[in-house]
Amino acid sequence: MTRAYAHEAAEPRLAAGLLKGRLKYLISAACVAMSTVMLLPLVASVLASLKSTQEAAAVPPTYFPHALSLDSYERLWNYQAGLPTYFSNSFGAALLTILFCLVLTVPAGYGLAKFRIAGKEVLFVFLLLGLIVPYQALLTPLFFLFVQLNLHNSLVGLAIIHTAIQLPFSIYVMRNAFEAVPRELEEAAIMDGCNSFQVLTQICLPAVVPAMITVSLFAFITSWNELLAALVIMNKDSSFTLPLILAAARQQTSIGGTDWGMLQAGITISIIPCMAFYLLLQKYYMAGFLNGAVK
Amino acid sequence: MHTGTSRYVGLLYIAPALAFVLVFTAYPLAQMVWMSLHNWSLIAAKKYVGAGNFIKAWNDPQFWTSLEFTLKYTALITPILMILGYLIALLTVENRPLRQFTRGVVFAPVVIGLGASSLLWYWLFSYDFGLINRILMDVGLIAKPVVWFGADADLSMWAVIVSIVWKVVGFGTILFVAAIHAVPSDIGEAAMVDGASYWQRVRLITLPLTAKTILLVTLVSVIGSLLAFDQFYIMTAGQPRNMTATSVFLIYLNSFPYLKLGYGAALSLILAGIILVCTMLQMLLSRRSHA
């Protein structure tokens, strides 16, 4: 670099230094403003869920509850078949989805990563079929199939659809995880006389636990939040999941019009598990998100 | 690689997943094609109608209304999501506590359900009970409450767009931040020494070097918007006069409340074809990233 050049560069840098102090405050202010705007709807919803029955139905609405009350939660608890039923339906479907995803994709990831299989890449693309054909488009034939198999109105049926949604992502994550397990470990185990199943359970499985957590976390969030498939195959009130009963409660409630307080209580309740698992397992979430979200 | 073992052992491990995809994705796909060629309902006998269902779609004004509305929604929301997502990424890209916190907050709505967030915004935008009318009136921007949903299709769509931007803008932001972090810092430093301004560096260095991520996120967002359902089902219920019923909404209406399964299947097939084009582009792009 010539001297003249360096001299020229010094001035803008000086200016940048002077600007930097003020800019730092501006950026900080923008960050605070952004966070506030993003958090406000959630805070407003939680606050509204704590209003008394009367206040929740006030026109115009109040910004802050005048008095805290759990009335809305009580009404939600007893709404139709009762919150415990809907909560356990949602939880049941989510747990089954996790189970199905793991049972199917742990062996599949192992097989794809560690074995020579004729036409492997073709089979891999076939396994990712769900990426190519959106499940929203498959619900009509799936509904028909489930009526024949008696899987409609059943949590197993719903979990099967949720598994089908999550399968491509899960297989992708598990295959990558098994591919990262060093070959030396397995070779040593094979020398010791382990068969391939023992290699899977004793050598590889402990190494892919983080990927299994990622797969489970995404399966949970998908299943817990999914609305359309549940709407299609669950048509008995007692088999509704949380998103379904909340969508229904938007229109018809015991107090005539929409019970806004109860709706906010429902939204709060349905957000909590997602947020909790996400915050607790953020590391695993981001790993899956950054590697699989757009691939 | 278990070279010693039989090549069928590996097949055994992927067999359950293969069987699952065969029964619950491939078979329904084949059946969808079959159904689309028939007049099919749960009660009446099915009748072969050939391309009848597709001709019916072509002549169905609601099919075009839905497709047009879905495309319009996609065309409007995608640039907003990309530009806003990228600006927030630029704002919060440095790993300092406040910026990382902001990133976390912006991302938080991504993990909550679309159903829950739609109900939340349905309430915020409500005519009588919503906080948005209350705030706008308190600030003096409007004199009387606005009917956001159900009266005017465009107004309804914009209200939905606001809610979805809140819900998913963090999706792009996080991926953009990761992409910007992957840009070698010495390129930016060299440009700074050369006197390039901040926006020049963004335009000439950061944007081109993160172009592939931008394209991929755009495609994911386009696919997501073309498949929009929950937000319209909950917030507008397709109103006014089914003008905000998206393509997936129309499939749902025909297949389930109306039980015209054959016609629903034909509509599904058309939509799947449109999505296929986007997915192929996405796969092509992400494959090149591995090479």
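**Salt bridges, a helix and an interface**

E121(A) and R175(A) form a salt bridge, with 3.1 Å between the closest N and O atoms; the term stands for a side-chain nitrogen of Lys or Arg within 4 Å of a carboxyl oxygen of Asp or Glu. The model is predicted, so local features need pLDDT of at least 70 and side-chain atom pairs pLDDT 80 or more, while totals for chains, interfaces and linings use all residues. Residues are numbered from 1 along each chain as its sequence is written, chains are lettered from A and ligands numbered from 1 in the order in which they are written, and side-chain values use heavy atoms, without hydrogens and water.

**Exercise 1.** State which parts of chain A are tied together by E121(A) and R175(A), and whether each residue is buried, partly exposed or exposed.

*Solution.* 
1. Locate the residues: E121(A) is in helix α5 (residues 120-127) of chain A, and R175(A) is in helix α8 (residues 155-179) of chain A. Helices here are DSSP runs of H or I with at least four residues, and strands are runs of E with at least two, numbered from the N terminus.
2. The two residues are 54 apart in sequence, so the pair ties together separate parts of the chain.
3. Apply the cut-offs for relative accessible area: under 20% is buried, over 50% exposed, and in between partly exposed (1.4 Å probe, protein chains only).
4. E121(A), at 46%, is therefore partly exposed, whereas R175(A), at 9%, is buried.

**Exercise 2.** Describe the salt bridge of K72(B) with D154(B), then that of R134(B) with D138(B).

*Solution.* 
1. K72(B) and D154(B) come within 2.7 Å, N to O.
2. This pair links distant parts of the chain, 82 residues apart: K72(B) in helix α3 (residues 61-92) of chain B and D154(B) in helix α7 (residues 153-181) of chain B.
3. K72(B) is partly exposed at 37%, and D154(B) is partly exposed at 36%.
4. For R134(B) and D138(B), the closest N and O atoms are 3.0 Å apart.
5. Both belong to helix α6 (residues 131-139) of chain B; they are four residues apart, so about one helical turn separates them.
6. R134(B) has 22% relative accessibility and is partly exposed; D138(B), at 47%, is partly exposed too.

**Exercise 3.** Characterise the interface of chain B and chain A.

*Solution.* 
1. Count residues in contact (heavy atoms within 4.5 Å): 98 of chain B and 96 of chain A.
2. The buried area, meaning the accessible area (1.4 Å probe) lost on putting the two parts together, summed over both, is about 8,900 Å², and carbon and sulfur atoms give 78% of that.
3. Between these chains there are zero salt bridges.
4. Helix α1 (residues 7-36) of chain B gives the largest share of its side, 22 residues.
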